[in-house]
Amino acid sequence: MRVITGSARGTKLDTLESDNTRPTSDRVKEALFSMIQFDIEGRVVLDLFAGSGQLAIEALSRGAAKATLIDQSREAVDIIIENAKKTHLFEKCRISAADYKSFIRGASGREKYDIVFLDPPYDSGLLPESLKALSDGDLFANGAYIVCETDCDIPVKAKRLRKDEEITNQQVLNDVFGGDEELRARFDVLKSVLYGRTRITLLTPVK
(Lines give C-alpha, C1' and ligand atoms only; values in the text may rest on other atoms or scores of the structure.)
Protein backbone atom coordinates (compact mmCIF):
# COMPACT_ATOMS: atom_id res chain seq x y z
CA MET A 1 0.00 0.00 0.00
CA ARG A 2 1.57 3.26 -1.18
CA VAL A 3 0.73 6.93 -1.65
CA ILE A 4 -0.32 7.22 -5.28
CA THR A 5 0.68 10.76 -6.14
CA GLY A 6 1.65 14.17 -4.78
CA SER A 7 4.39 15.22 -2.37
CA ALA A 8 4.60 11.76 -0.75
CA ARG A 9 4.24 9.78 -3.96
CA GLY A 10 5.48 6.22 -3.72
CA THR A 11 5.86 6.17 0.06
CA LYS A 12 4.97 2.74 1.42
CA LEU A 13 2.39 2.86 4.20
CA ASP A 14 2.02 0.44 7.08
CA THR A 15 -1.33 -1.10 7.89
CA LEU A 16 -2.94 -2.89 10.81
CA GLU A 17 -4.07 -6.36 9.82
CA SER A 18 -7.30 -7.15 11.62
CA ASP A 19 -10.95 -7.90 10.99
CA ASN A 20 -11.87 -4.28 11.72
CA THR A 21 -9.22 -2.64 9.53
CA ARG A 22 -9.67 -3.12 5.80
CA PRO A 23 -7.29 -1.05 3.68
CA THR A 24 -8.74 0.47 0.53
CA SER A 25 -7.07 -1.14 -2.50
CA ASP A 26 -4.88 1.03 -4.71
CA ARG A 27 -7.32 0.56 -7.60
CA VAL A 28 -10.28 1.75 -5.57
CA LYS A 29 -8.26 4.57 -3.99
CA GLU A 30 -7.19 5.85 -7.39
CA ALA A 31 -10.78 5.78 -8.62
CA LEU A 32 -11.97 7.49 -5.45
CA PHE A 33 -9.52 10.35 -5.79
CA SER A 34 -10.28 10.79 -9.48
CA MET A 35 -13.77 11.88 -8.36
CA ILE A 36 -12.46 14.79 -6.26
CA GLN A 37 -9.01 15.44 -7.74
CA PHE A 38 -9.74 19.07 -8.65
CA ASP A 39 -11.24 19.91 -5.25
CA ILE A 40 -8.50 18.84 -2.85
CA GLU A 41 -6.06 21.75 -2.88
CA GLY A 42 -6.26 23.75 0.36
CA ARG A 43 -9.19 21.75 1.76
CA VAL A 44 -9.79 20.64 5.34
CA VAL A 45 -10.21 16.87 5.62
CA LEU A 46 -11.83 14.52 8.13
CA ASP A 47 -11.15 10.77 8.07
CA LEU A 48 -13.57 9.47 10.69
CA PHE A 49 -12.69 5.75 10.60
CA ALA A 50 -9.10 6.28 9.58
CA GLY A 51 -7.58 2.80 9.91
CA SER A 52 -4.05 3.24 8.55
CA GLY A 53 -4.79 6.87 7.65
CA GLN A 54 -4.12 6.27 3.98
CA LEU A 55 -7.08 8.26 2.62
CA ALA A 56 -6.35 11.42 4.58
CA ILE A 57 -2.62 11.06 3.90
CA GLU A 58 -3.31 10.72 0.17
CA ALA A 59 -5.41 13.90 0.31
CA LEU A 60 -2.64 15.76 2.13
CA SER A 61 -0.09 14.52 -0.38
CA ARG A 62 -2.30 15.98 -3.12
CA GLY A 63 -2.46 19.40 -1.50
CA ALA A 64 -5.11 19.37 1.22
CA ALA A 65 -4.34 21.96 3.91
CA LYS A 66 -4.87 19.81 7.00
CA ALA A 67 -6.55 16.62 8.15
CA THR A 68 -8.16 15.21 11.26
CA LEU A 69 -7.81 11.43 11.55
CA ILE A 70 -9.96 9.54 14.05
CA ASP A 71 -9.94 5.88 14.96
CA GLN A 72 -11.09 4.18 18.14
CA SER A 73 -8.23 1.66 17.99
CA ARG A 74 -5.04 2.72 19.77
CA GLU A 75 -3.07 0.31 17.57
CA ALA A 76 -4.48 1.91 14.43
CA VAL A 77 -3.64 5.39 15.73
CA ASP A 78 -0.04 4.33 16.35
CA ILE A 79 0.21 3.23 12.71
CA ILE A 80 -1.41 6.48 11.50
CA ILE A 81 1.22 8.46 13.41
CA GLU A 82 4.04 6.43 11.84
CA ASN A 83 2.57 6.83 8.35
CA ALA A 84 2.09 10.57 8.82
CA LYS A 85 5.70 10.93 9.94
CA LYS A 86 7.23 8.86 7.16
CA THR A 87 5.33 10.90 4.54
CA HIS A 88 6.48 14.15 6.21
CA LEU A 89 2.85 15.19 6.61
CA PHE A 90 2.59 14.84 10.38
CA GLU A 91 2.50 18.60 10.99
CA LYS A 92 -0.68 18.84 8.92
CA CYS A 93 -2.44 16.11 10.92
CA ARG A 94 -4.52 16.01 14.06
CA ILE A 95 -4.68 12.37 15.10
CA SER A 96 -6.85 11.03 17.89
CA ALA A 97 -7.91 7.69 19.36
CA ALA A 98 -11.62 8.29 19.90
CA ASP A 99 -15.05 6.86 19.32
CA TYR A 100 -16.68 8.65 16.40
CA LYS A 101 -19.65 9.75 18.54
CA SER A 102 -17.39 11.33 21.14
CA PHE A 103 -15.40 13.12 18.47
CA ILE A 104 -18.51 14.49 16.77
CA ARG A 105 -19.95 15.73 20.06
CA GLY A 106 -16.72 17.59 20.80
CA ALA A 107 -16.35 19.02 17.30
CA SER A 108 -19.97 20.14 16.83
CA GLY A 109 -20.23 23.90 16.59
CA ARG A 110 -16.45 24.29 16.34
CA GLU A 111 -15.28 22.46 13.22
CA LYS A 112 -16.19 22.40 9.52
CA TYR A 113 -14.82 19.96 6.95
CA ASP A 114 -14.57 20.24 3.18
CA ILE A 115 -13.85 16.56 2.50
CA VAL A 116 -15.03 13.73 4.74
CA PHE A 117 -13.98 10.10 4.29
CA LEU A 118 -16.35 7.50 5.76
CA ASP A 119 -15.08 3.94 5.54
CA PRO A 120 -16.30 2.15 8.69
CA PRO A 121 -16.09 -1.63 9.10
CA TYR A 122 -18.49 -3.34 6.73
CA ASP A 123 -21.77 -4.58 8.24
CA SER A 124 -21.26 -2.36 11.29
CA GLY A 125 -24.19 -0.04 10.57
CA LEU A 126 -21.91 2.89 11.36
CA LEU A 127 -22.10 4.61 7.98
CA PRO A 128 -25.69 5.91 8.21
CA GLU A 129 -25.23 6.58 11.93
CA SER A 130 -22.12 8.67 11.36
CA LEU A 131 -23.65 10.52 8.40
CA LYS A 132 -26.62 11.52 10.54
CA ALA A 133 -24.42 12.54 13.48
CA LEU A 134 -22.15 14.65 11.25
CA SER A 135 -25.18 16.31 9.65
CA ASP A 136 -26.86 16.95 13.01
CA GLY A 137 -23.59 18.38 14.31
CA ASP A 138 -23.31 20.78 11.34
CA LEU A 139 -19.76 19.62 10.58
CA PHE A 140 -19.98 19.89 6.80
CA ALA A 141 -18.60 23.04 5.14
CA ASN A 142 -20.55 24.57 2.28
CA GLY A 143 -20.14 22.37 -0.78
CA ALA A 144 -18.47 19.60 1.22
CA TYR A 145 -17.76 16.24 -0.35
CA ILE A 146 -18.48 13.07 1.61
CA VAL A 147 -16.80 9.95 0.24
CA CYS A 148 -18.45 6.72 1.41
CA GLU A 149 -17.05 3.23 0.93
CA THR A 150 -19.36 0.23 1.24
CA ASP A 151 -19.38 -3.47 0.46
CA CYS A 152 -21.83 -4.26 -2.32
CA ASP A 153 -22.81 -7.91 -2.05
CA ILE A 154 -24.86 -8.20 -5.23
CA PRO A 155 -26.65 -11.49 -5.97
CA VAL A 156 -25.04 -13.44 -8.81
CA LYS A 157 -28.04 -12.99 -11.11
CA ALA A 158 -27.86 -9.22 -10.70
CA LYS A 159 -24.18 -8.81 -11.57
CA ARG A 160 -24.92 -8.09 -15.22
CA LEU A 161 -27.32 -5.35 -14.11
CA ARG A 162 -25.13 -3.78 -11.43
CA LYS A 163 -24.83 -0.48 -13.32
CA ASP A 164 -28.59 -0.21 -13.69
CA GLU A 165 -29.77 3.05 -12.15
CA GLU A 166 -32.63 1.52 -10.19
CA ILE A 167 -30.38 -1.12 -8.60
CA THR A 168 -27.74 1.50 -7.80
CA ASN A 169 -30.26 3.83 -6.17
CA GLN A 170 -31.64 1.04 -3.99
CA GLN A 171 -28.16 -0.14 -3.06
CA VAL A 172 -27.12 3.38 -2.06
CA LEU A 173 -30.30 3.88 -0.02
CA ASN A 174 -29.74 0.61 1.83
CA ASP A 175 -25.97 0.60 2.27
CA VAL A 176 -25.15 4.29 2.65
CA PHE A 177 -28.30 5.58 4.32
CA GLY A 178 -29.49 2.42 6.09
CA GLY A 179 -32.80 2.64 4.23
CA ASP A 180 -33.57 5.98 5.91
CA GLU A 181 -35.37 8.16 3.34
CA GLU A 182 -35.22 11.23 5.59
CA LEU A 183 -31.45 10.92 5.90
CA ARG A 184 -31.16 10.35 2.13
CA ALA A 185 -33.05 13.61 1.54
CA ARG A 186 -30.30 15.58 3.32
CA PHE A 187 -27.76 14.75 0.60
CA ASP A 188 -27.31 14.87 -3.14
CA VAL A 189 -25.69 11.72 -4.54
CA LEU A 190 -23.15 13.02 -7.03
CA LYS A 191 -21.76 9.67 -8.08
CA SER A 192 -21.87 6.01 -7.08
CA VAL A 193 -19.53 3.55 -8.76
CA LEU A 194 -18.87 -0.15 -8.22
CA TYR A 195 -15.36 -1.62 -8.27
CA GLY A 196 -15.66 -5.36 -7.76
CA ARG A 197 -17.63 -5.57 -4.52
CA THR A 198 -16.59 -2.13 -3.32
CA ARG A 199 -18.94 0.77 -3.94
CA ILE A 200 -17.68 4.35 -3.73
CA THR A 201 -20.47 6.91 -3.28
CA LEU A 202 -19.82 10.64 -3.44
CA LEU A 203 -22.29 12.87 -1.56
CA THR A 204 -22.71 16.56 -0.89
CA PRO A 205 -25.16 18.12 1.60
CA VAL A 206 -28.32 19.58 0.12
CA LYS A 207 -28.13 23.38 0.27
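**Entry 1: helix H2.** I started with the buried residues of H2, which pack against H1, strand E1 (44-47), E2, H3, strand E3 (93-97) and E4. For me, contact means heavy atoms within 4.5 Å. Helices (H or I, at least four residues) and strands (E, at least two) are DSSP runs, numbered from the N terminus. Before going on, I noted that this is a predicted model, where local features need pLDDT of at least 70 and side-chain atom pairs pLDDT 80 or more, while totals for chains, interfaces and linings use all residues. Residues are numbered from 1 along each chain as its sequence is written, and side-chain values use heavy atoms, with hydrogens and water left out.

How many residues of H2 are buried? I get 8 of its 8, so H2 is mostly covered, with buried meaning under 20% relative accessible area (1.4 Å probe, protein chains only). The list includes Gln54, Glu58 and Ser61 as well as Leu55 and Ile57. After H2 comes Gly63, and its phi is positive, near 115°.

I then checked Val45: leaving out residues up to four places away in sequence, its contacts include Ala56, Ala59, Tyr113, Ile115 and Phe117.

**Entry 2: cysteines.** I searched for disulfides (cysteine sulfur atoms within 2.5 Å) and found 0. Cys93 counts as buried because its relative accessibility is 15%. Cys148 counts as buried too, at 0%.

**Entry 3: the second largest pocket.** I put its volume at about 260 Å³. Which residues lie nearest its centre? Of the 18 lining residues, these are Tyr122, Asp123, Thr150, Asp151 and Asp175. Helix H5 (126-136), E5 and helix H6 (165-175) each give two or more residues to the lining. By residue class, I noted 7 nonpolar, 6 polar and 5 charged.

For the record, a pocket is an open set of points on a 1 Å grid over the protein atoms alone, where a 1.4 Å probe fits, with protein on both sides within 12 Å along at least five of seven lines; lining residues have an atom within 4 Å of a point.

Key:
Buried means under 20% relative accessible area, exposed over 50%, partly exposed in between (1.4 Å probe, protein chains only). Grid points are joined across faces, edges and corners, and a volume is the space filled by probe spheres set on the points. Ala, Val, Leu, Ile, Met, Phe, Trp, Tyr, Cys and Pro count as nonpolar, Asp, Glu, Lys and Arg as charged, and the others, Gly among them, as polar.
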